Amino acid sequence: MNKIPLTVAGAEQLRAELHRLKTVERPSVIEAIAEARSHGDLSENAEYDAAKERQGFIEGRIKEVEGTLSNAQIIDPALLDADGRCVFGATVELEDLDSGDTVTYQIVGEDEADIKKGKISVSSPVARALIGKYAGDVAEVQAPGGTREYELVDVRYV
């Protein structure tokens, strides 16, 4: 299986989620199933069906997170020496050449991407256009609304 790139912070978040799923969510759903079973006939028991469905979701998520962590390639952006080039884990400041707006993104793995927190997936169109570029370069991004041009103002490894 392919290695899955993760930042140190992203790996910690996944470990914390896995711990919560195993120590909090799993026991509570087992308790809910036991409670629903005590109500009698399981064939018409909506609580039992809902608890079993939730259990399936939790177990599936546990397997997914364990698989991601077992195949993770953890990259610490602070230890990178990319000579100013945009790489995985880098924090970039971009200027939209059409509007003049500036935005800051960190390029992270798919599991830790969150646009509201300024983290974009390494497989996103913006990140793919930026990888390998240096500060001062212009990247053309094929967006759903057409081609957009961004100037790479700064690249940091935080």
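Welcome to a predicted model, in which local features need pLDDT of at least 70, side-chain atom pairs count only at pLDDT 80 or more, and totals for chains, interfaces and linings use all residues. Residues are numbered from 1 along each chain as its sequence is written, and side-chain values use heavy atoms, with hydrogens and water left out. Helices (H or I, at least four residues) and strands (E, at least two) are DSSP runs, numbered from the N terminus.

**The helix pair**
- Helix H1 covers residues 8–37 and helix H2 covers residues 46–70; they pack at an angle of about 160°, and their axes are 9 Å apart.
- Axes here are lines fitted to C-alpha atoms, for helices over the stretch in contact, and angles run from 0 to 180 degrees between N-to-C directions.
- H1 and H2 are therefore roughly antiparallel to each other, a label for angles over 145 degrees.
- The contact of H1 with H2 involves 15 nonpolar, 2 polar and 12 charged residues. Ala, Val, Leu, Ile, Met, Phe, Trp, Tyr, Cys and Pro count as nonpolar, Asp, Glu, Lys and Arg as charged, and the others, Gly among them, as polar.

**Glu47, a residue of H2**
- Glu47 sits in helix H2 and counts as partly exposed because its relative accessibility is 49% (buried is under 20% relative accessible area, exposed over 50%, partly exposed in between, with a 1.4 Å probe and protein chains only).
- Beyond its neighbours within four places in sequence, Glu47 is in contact (heavy atoms within 4.5 Å) with Ala36 and His39.
- From Glu47 to Gly145 there are 98 residues in sequence and 45 Å in space, C-alpha to C-alpha.

**The nonpolar cores**
- A nonpolar core is a set of buried Ala, Val, Leu, Ile, Met, Phe, Trp, Tyr and Cys residues joined through side-chain atoms within 4.5 Å.
- The largest one has 16 residues, and Cys86, Val92, Leu94, Ile120, Val126, Leu130 and Leu152 have the most contacts inside it.
- At least two residues of this core come from each of strand S3 (91–96), strand S4 (102–108), helix H3 (125–130), strand S6 (138–143) and strand S7 (146–156).
- H3 gives the most to this core, with 4 residues.
- Another core, of 10 residues, lies apart from it, with Leu6, Leu18, Leu21 and Val29 among its members.

**Gly100, a loop residue**
- Gly100 is placed in the loop between S3 and S4, and counts as partly exposed because its relative accessibility is 36%.
- Gly100 and Asp114 are separated by 14 residues in sequence and by 23 Å in space, C-alpha to C-alpha.

Terms used: Parallel < 35°, antiparallel > 145°, perpendicular 65-115°, else oblique.
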